[in-house]
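Hi everyone, thanks for making time for this. I'd like to walk you through one model, so please have a look at the screen.

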Amino acid sequence: MANQILIKNTMADMRALSAAEITALKNGTYEGVKLLGYYKKGDTPAPIIYYYSATEQGGDDGGSVIVVGGIKLQIIFKEKVNALYFGISTTLSDNFDQLSAFFNYLKINGSVMGIMPAGTILYSQTINFAFDGGRLVGQGVKTILQFTGVADNAFEFNAFTGGDVADQHARGMIISNFIISGNENTKNTIFVQGISRGQFENVWCGNGKPASDGFGWLIASSHLNEFTRCGFTDNHFKHTSKPMWGMVLSVGHRNGETYGNSTNNTFRNCYFEGTSYGLNIANGDQNYFIGGSPEANSIYGLVIGINSKFNTFIGVGFENKNAIDIVDNGKMTSFIGCYAYSEVRFGSTCLGSKFEGGYAQKIDVQAGARNVVLSRINYSHWKEGGEIVDNGTK
């Protein structure tokens, strides 16, 4: 009888089809194979059916196309696909091959959303997810991508891997709801380069390198993105190896060329908590920070570099009891309705910055700073001994 469906419990069972079953699939006796699980029955969200395919397109990727006994079995995922169908599993010691195949499928089928399962997913080599319209969604802080190898970057959203400088950015990506963790050897836990008009939401940094070249997030030459409830915090992940920097905005590189500052990004309710330095805008222009906080940092909460300008902070709380809250060496920075528990320092290269409204324990405008504007500030708010020291040039 034609149009029957074979039933197999696992992917291993399907790969072990008998010669008779393969013949039956080729002659149409069986239309396809219904798979009830990947490693064991019931370990995927639902059974799926692979159909016999005569197309020559697409090789065996362990998920959408399976080649067995000289025939090809294929399923076309529409709208969304769970990584469990590609063999990604919290039981594996290394998911690198499975992640690579899964991400490649999403890249080829750009309209399909990738869904990561809950649990800790181990992988041994740096993985990259960067293409126009890419969508990757986890199960909140229950989904942890854990890098176990030795490399500079644990996870990349990096559009500058190719040699074609004309194709500069990956646009319109939606990335949400998981934790990415490196280890004590990882310089950059989350490396974002050449990404524009993307949305990052509820993405948090795990472990990283506890040294001066250890960055939780390194955002390079990326523009017009929105980051919502992202950053670094012990509230979502119990860190055993903290990078020295929570997040750094800087320039990117491709084929030996340096690209521009990270610009026009918006950060909403982002937190940079418990590192030596919370947030560093080394090379960034016209970025907006709304709410959120660099807090519990041991050296500086926020550092703005000399090559950065027109960055704005609205309603941001700087809560560093034993460290300097803000060091601004940039140009035309605006702090509106913010509060700083310890000290705000406008450095010698600062030009045209302003602190308007809000609270500050101490404000130090250093010699060489020019045209710094201070208005409607309540200082010495939490304890006695607050002051404003203004040695700048008007």
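**A walk through the model**

Let me begin with Gln-199, which is partly exposed, with a relative accessible area of 42%. Keep in mind as we go that this is a predicted model.

So where does Gln-199 sit? You'll find Gln-199 in strand β17, which covers residues 199–205. And which residues does Gln-199 touch, leaving aside those up to four places away in sequence? The contacts are Met-173, Ile-174, Ile-175 and Glu-226. Ile-326 gives us a sense of distance: 127 residues separate Gln-199 from Ile-326 in sequence, and their C-alpha atoms are 27 Å apart in space.

Now, please turn to the sheet with β1 in it. This is an open sheet of 5 strands with mixed pairing, and the order is β1-β2-β3-β5-β4. Which strands stand at the edges? Those are β1, residues 4–8, and β4, residues 65–68. Each has a single partner strand, so one side of each is left without a neighbour in the sheet. From one strand to the next, the twist averages 30°.

Let's zoom in on one pair here. Strands β2, residues 30–35, and β3, residues 48–53, run antiparallel and are joined by 4 bridges. If you want a landmark, look for Val-33, which stands opposite Tyr-50 in β3. Packed on this sheet is helix α2, residues 19–26.

Next, the surface. What makes up the nonpolar patch of about 280 Å²? Four side chains to click on: Tyr-288, Ile-290, Ile-314 and Ile-336. Tyr-288 belongs to strand β29, residues 288–290, and is partly exposed, at a relative accessible area of 31%.

Finally, some backbone details for those of you who like loops. Arg-229 is not a glycine, and yet has a positive phi of about 50°. Arg-229 lies in the loop between β19, residues 226–228, and β20, residues 231–232, and with 37% relative accessibility counts as partly exposed. Asn-371 also has a positive phi, about 55°, although it is not a glycine. The loop in that case runs between β38, residues 359–365, and β39, residues 373–375.

Methods: Residues numbered from 1 in each chain as written. Predicted model: local features only at pLDDT ≥ 70, side-chain atom pairs only at ≥ 80, totals over all residues. Heavy atoms only, no water. Pairing = 2+ DSSP bridges. Helix = DSSP H or I, 4+ residues; strand = E, 2+ residues; numbered from the N terminus. Axes fitted to C-alpha atoms, helices over the stretch in contact; angles between N-to-C directions. Contact = heavy atoms within 4.5 Å. Patch = residues over 30% accessible without salt bridge, like charges linked within 9 Å, V, L, I, M, F, W, Y side chains within 5 Å. Areas by Shrake-Rupley, 256 points an atom, 1.4 Å probe, with all protein chains shown as cover. Buried < 20%, exposed > 50% of the residue type's maximum accessible area, 1.4 Å probe, protein only.
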